[in-house]
Amino acid sequence: MARHLGFTCEILDSREAMGRAAGQAAESLILQALDQVKDRLVRMIFAAAPSQNEILAYLAASKKIDWSRIEAFHMDEYIGLDKDAPQGFGNFLDAHIFQKVPFAKIHYLRPQGDVGRSLENYAGLLKAAPIDICLMGIGENGHIAFNDPAVADFKDPKVVKVVGLDEVCRNQQVHDGCFKKLEDVPSQAVTLTVPMLFSANHIVCTVPAATKAHAARMAVLGPVAESCPSSILRLHADARLFLDNESGKEILDF
């Protein structure tokens, strides 16, 4: 267990144990928010990626959470995919949690048509009230959402923006089995910015697999810098990072 300000990092013996620990932490935070927030819905941001499979499965199976009091957002989406494409992040979240439990509201980030207007509308929804909990992962290049190192801005004035995706990020989508080859991966996306994600009261970050080991080490042990966007989690008042034995191996060996 590593601690820096409100940041903790826990390395579990297996991916299953990691998912269970992250799920239990998120469930506890959700129950706490449901108990404390009385004048509005509890608001959550969800990441969509294979790294989230275990935590989302745990939460979808929970019998303790009153999802009818929770409002859901997601943090990024490709530009140029067909709206029914299984790689679409809204569609991923539909399959893993959004359509499995009865949320009060689900706000989809869908950059079709007038992208600028859709982002403006989504930003307005996000800014309408505090974000209570954010569930996220870390990319192979250290990104959070689609804030790759080249476009990450710790002082970004925007809430959501259009970004180009770097090759490491696009290759990750192939490594994860989401696309067959690099050429199939869109080169642009929309993403919540680093300050928007950081504004959440609580962050649970779940990061399995050996392909994330270097990024996890840089996030935990490297400088807090935009060259590794996830390193900013170390400055958060309550960010909890969960790794498995593969993603955590470079930290354990340090």
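A helix here is a DSSP run of H or I with at least four residues, and helices are numbered from the N terminus. The model is a predicted one.

**Stop 1: a helix residue**

Select residues 213–221, which make up helix α7, and pick out Arg217 within that helix. Is Arg217 buried, exposed or partly exposed? Buried means under 20% relative accessible area and exposed means over 50%; Arg217 has 30%, so this residue counts as partly exposed.

**Stop 2: the nonpolar cores**

Select Phe46, Trp67 and Ile97 next. These three have the most contacts inside the largest nonpolar core, a set of 45 residues. Colour α1 (15–36), β3 (42–46), α2 (53–61), β4 (70–74), α3 (89–98) and β7 (133–136) to see the elements that give two or more residues to this core. Among them, α1 gives the most, with 10 residues. Another core, of 42 residues, lies apart from this one; Ile131, Val207, Ile232 and Ile251 are among its members. Nonpolar side chains tend to be buried together in soluble globular proteins.

Go back to Ile97 and show what surrounds this residue. Which residues is Ile97 in contact with, leaving aside neighbours within four places in sequence? The contacts are Phe46, Leu56, Leu59, Ala60, Trp67 and Phe103.

**Stop 3: aromatic pairs**

The structure holds 10 aromatic pairs. Select Phe46 and Phe103, whose rings form an edge-to-face pair, 5.8 Å centre to centre with 90° between the planes. Phe46 belongs to strand β3 and Phe103 to the loop between α3 and β6 (105–107), so the pair ties together parts that are 57 residues apart in sequence. Phe46 is buried, with a relative accessible area of 0%, and Phe103 is buried too, with 12%.

Move on to Tyr78 and Phe146. Their ring centres are 5.5 Å apart and their planes stand at 50°, so this pair is tilted. Tyr78 lies in strand β5 and Phe146 in the loop between β7 and β8 (160–164), so parts 68 residues apart in sequence are tied together by the pair. Both Tyr78 and Phe146 are buried.

**Stop 4: cavities**

How many cavities of 30 Å³ or more does a search of the whole structure find? The search finds 2. The largest cavity holds about 200 Å³ of space. To locate this cavity, select Ala48, Ala49, Asp76, His143 and Gln172, which are the closest to its centre of the 20 lining residues. The lining divides into 11 nonpolar, 6 polar and 3 charged residues.

The second largest cavity has a volume of about 120 Å³. Select Glu77, Asp82, Lys83, Gly88 and Gln112, the closest to the centre of this cavity among its 13 lining residues. Colouring β5 (76–78) and α3 shows the elements that give two or more residues to this lining. By class, the lining of the second largest cavity has 4 nonpolar, 5 polar and 4 charged residues.

Methods
Residues are numbered from 1 along each chain as its sequence is written. This is a predicted model: local features need pLDDT of at least 70, side-chain atom pairs count only at pLDDT 80 or more; totals for chains, interfaces and linings use all residues. Side-chain values use heavy atoms; hydrogens and water are left out. A nonpolar core is a set of buried Ala, Val, Leu, Ile, Met, Phe, Trp, Tyr and Cys residues joined through side-chain atoms within 4.5 Å. Buried means under 20% relative accessible area, exposed over 50%, partly exposed in between (1.4 Å probe, protein chains only). Contact means heavy atoms within 4.5 Å. On a 1 Å grid over the protein atoms alone, a cavity is a set of points where a 1.4 Å probe fits but cannot get out, and a pocket is an open set with protein on both sides within 12 Å along at least five of seven lines; lining residues have an atom within 4 Å of a point. Grid points are joined across faces, edges and corners, and a volume is the space filled by probe spheres set on the points. Ala, Val, Leu, Ile, Met, Phe, Trp, Tyr, Cys and Pro count as nonpolar, Asp, Glu, Lys and Arg as charged, and the others, Gly among them, as polar. Rings of Phe, Tyr and Trp (its six-membered ring) pair if their centres lie within 6.5 Å; planes under 30 degrees apart count as stacked, over 60 as edge-to-face and the rest as tilted.
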